[in-house]
Amino acid sequence: MSVEPHLTWWKNVVIYQVYPRSFADGNGDGVGDLPGLIGRLDYLKALGVSALWLSPVYPSPMCDAGYDICDYTGIDPLFGSLADLDQLVSQAHNRGLKVLMDFVPNHTSDQHPWFVESRASRDNPKRDWYIWRDQPNNWRASIDGGSAWTWDEGSQQYYLHFFLPQQPDLNWHNPQVVEAMHNVLRFWLDRGVDGFRIDVVHCVGKDPSFADDPRCLAGETMVQINDQPYSHEVLRGLRRLVDRYPGDRVLIGEVNIRSTARVAAYYGASDELHMSFNFPPLDAPWDPVVFRLCIREVERCLGEQQAWPTWALSNHDNSRIRSRYGGSRAKAHAAAVMLLSLRGTPFIFQGDELALEDTQVTAQTRVDPGGRDGSRAPLPWTAQPPHGWTGKTPWLPFPPDAAALAVQAQENANDSTLNLYRRLLRCRQDSPALRVGDWTELPSHPQLLAYRRHCEEDERIVCINFDEAEHTFALVGDWLIEVASDRHGENRPFAGIVGPLQAVLLRPTGVAHER
Ligand code: GLC
């Protein structure tokens, strides 16, 4: 990896989200696992990503697909063993790939020994590790949208849960909880992981007055609105801990508040998150006005405090990119050009590089109580069913067109989505402007979104046409189409026209370019 020495690695990379249960199955039980993933690391290397974030693989009753953890320092046998995890880290590192674990600090499983103890009696030493009250307030939980409080018959109090009743919230005001969770981070950092994606980190601090929230009456859940000063204190503690480790370990937070200005606060004064997810672009419809506003907002809010942005257009909780944009492959391709050319660290959710659509589930095949199965379907590796998933039928049905969209079918196809992602990632790797350069919006037709990336001598221009009609885009100087989302005109001089739903990445002609 040709990374400028003065830059931390996480500003220079593209991160790939692995949803382990759907990535690759090593033991034929129909659920993806760590050995399956290890067997496919060369695929990620060839794609051109430099880091992977692993959704949870810890022991769990799987009420929330592993986000309900009952042992923070183990591996669920469904996914393999601790030895497999060590193997993954070393095999990934051998290939120059960083590994990020998912850290879930807000809640445990109700089967976690800490909660089993906590609920055993009111005077149990772990009672205060969770949040117990005699009276509930009006707070709402996510996933099922019901009350955030569940009555515990045994100990005759309510406990708080921002998600399912099987996911009680930890009390981070208790120093023993803080210490126990710090030990969890130490455990994985000592094993060599490169950092963490932190689940709903803005939720760990709770309003100490437990006042009713009027927004809950309007149907909002606490995960969308919880934003307390104490979460920042918790984060500063986590940051101090990781900063003591060598090698630029990174904290990337899921801050699910739909306000980029609020998200920016979670970077602190460079003493909280290194990077935060920012959801407004992920929610945005296919509309240049909305994207323009989202991007300007990121540049403004994060730029002011030199906080490094992230870009994600899908993940395991949301529709896939292509499904969100009405099933259009052309739009998914144009979106890929945008995702991989904005200023910040992009995240690719597994399978978006294949233009997969959401899988359709029925009452019989549905798994997630939150209705988020669509994007979680298994990756098709081979064109021929069972698409590289030998053994038991996978835990969710394959996405539509699995044969045509399988890795094998796309690998050598010139105009495939996989090939587009590989080209884009190669260009990014070759261009400091794309990786770390500044971002300036360029004037263009209202249906276009155009911007310049620039770093010292290096320069690129990106233009995305959101319209079904072609539009002119006038530029001074001579430019070459380095990547076209539909391949039209690629490697030829740019003639000032962007085709219907086309996105182009342009470089000045005359720049020496070796492949
Ligand atoms: C995050 C995860 C989601 C999970 C929730 C509770 O939003 O991405 O999958 O259900 O947190 O842990």
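Where is Ser-270 found? Ser-270 is in the loop between helix 10 (260-264) and strand 9; helices (H or I, at least four residues) and strands (E, at least two) are DSSP runs, numbered from the N terminus.

## The model

This is a predicted model, in which local features need pLDDT of at least 70 and side-chain atom pairs count only at pLDDT 80 or more, while totals for chains, interfaces and linings use all residues. Residues are numbered from 1 along each chain as its sequence is written, and side-chain values use heavy atoms, with hydrogens and water left out.

## Backbone exceptions

Most residues other than glycine have a negative phi, and most peptide bonds are trans. Ser-270 is not a glycine, yet its phi is positive, about 55°. Ser-270 counts as exposed because its relative accessibility is 55%; exposed means over 50% relative accessible area, buried under 20%, and partly exposed in between (1.4 Å probe, protein chains only).

Ala-65, also not a glycine, has a positive phi of about 50°. Ala-65 lies in the loop between strand 2 (51-54) and helix 4 (82-94), and it is buried because its relative accessible area is 16%. A cis peptide bond, with omega about 0°, joins Pro-385 and Pro-386. Pro-386 belongs to the loop between strand 11 and helix 15.

Strand 8 (residues 250-253) is covered on both faces. Val-250 and Ile-252 are buried on one side, and Leu-251 and Gly-253 are buried on the other. In a regular strand the side chains alternate between the two faces of the sheet.

Strand 7 (residues 195-198) runs parallel to strand 8 and is joined to it by four bridges; two strands pair if DSSP finds at least two bridges between them. Phe-196 stands opposite Leu-251. Strand 9 (residues 275-276) also pairs with strand 8 in the parallel sense, over two bridges, and Ser-276 of strand 9 is the bridge partner of Gly-253.

## The ligand

There are 14 residues around the ligand, and Asp-64, His-107, Asp-199, His-316 and Asp-317 come nearest; a residue is near a molecule if one of its heavy atoms lies within 4 Å of it. An N or O atom in the side chain of Asp-64 is 2.6 Å from an oxygen atom of the ligand. For Arg-372, the distance from a side-chain N or O atom to a ligand oxygen atom is 2.9 Å. The ligand taken alone exposes 310 Å², and the protein buries 98% of that (areas come from the Shrake-Rupley method with a 1.4 Å probe; for residues, only the protein chains shown count as cover).

Terms used:
A polar contact is a pair of N or O atoms within 3.5 Å; within protein, one must be able to donate a hydrogen and the other to accept it, and residues adjacent in sequence count only if both atoms are side-chain atoms.
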